[in-house]
Amino acid sequence: MSIEEKVVDLLIEKGYHISFAESCTAGLCSARLVNVANASKVLDVSFTTYANEAKIKYLGVNEKTIHDFGVVSEEVAREMAEGVARETGSETGVGVTGIAGPTGATATKPVGMVCFGFYVNGNTVTFTKQFGNIGRQNVRQASSDFVFETLFKLLK
């Protein structure tokens, strides 16, 4: 059984719905979830919010949070996860924001840095992973792998 199938089964078991707010993964997490036959029981809507303006408009991310911490930050990932859950009425929300590369890095935020927010039934946790400069698609894949591994742990 794939990790996506396990996550869908856990969501169904708990009666939860899930929504994703994806930036650097650009819908990859949602796409992986809908590879599972029963995904329609747990997924109603997700967002690819690549631009800062989209994060603000559709997810309710605070402009000040982006200004103070940068768009690639655990603070923004938290607001993305909580915002997507709130806006969609989901019990589970995931926010992903990062630098897939090959450009976009700064001295403090290198290529391969990705921040994650996970909102599950009222509780939010955040993480930052440094995947390194492993190539754009590899950063996206590693990020989606981390999302499903973490969801599995949080939902168990």
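Which residues does Ile18 touch, not counting residues up to four places away in sequence? In this predicted model, the list runs to Leu11, Leu33, Val42, Leu43, Asp44, Val45, Ser90, Thr92, Val94 and Leu151.

Let's step back to the core around it. The largest nonpolar core has 29 residues, and those touching the most other members are Ile18, Phe20, Leu33, Val147 and Leu151. Several elements give two or more residues to this core, among them strand E1 (18-22), strand E3 (92-98) and helix H6 (136-155). H6 supplies the largest share, seven residues. Apart from this core lies another one, of seven residues, including Leu59, Val76, Met80 and Val84. As a general point, nonpolar side chains in soluble globular proteins tend to be buried together.

Now for helix H3, which spans residues 52-59. Here is how its two sides look:

| Side of H3 | Residues |
|---|---|
| Buried residues | Ala54, Lys55 and Leu59 |
| Exposed residues on the face turned away from the buried side | Glu53 and Lys57 |

Looking down the axis of H3, you'd see its buried residues fall within an arc of 100°, so they line one face of the helix.

After H3 comes Gly60, with a positive phi near 75°.

Methods: Residues are numbered from 1 along each chain as its sequence is written. This is a predicted model: local features need pLDDT of at least 70, side-chain atom pairs count only at pLDDT 80 or more; totals for chains, interfaces and linings use all residues. Side-chain values use heavy atoms; hydrogens and water are left out. A nonpolar core is a set of buried Ala, Val, Leu, Ile, Met, Phe, Trp, Tyr and Cys residues joined through side-chain atoms within 4.5 Å. Buried means under 20% relative accessible area, exposed over 50%, partly exposed in between (1.4 Å probe, protein chains only). Helices (H or I, at least four residues) and strands (E, at least two) are DSSP runs, numbered from the N terminus. Contact means heavy atoms within 4.5 Å. The arc is that of the directions from the helix axis to the C-beta atoms.
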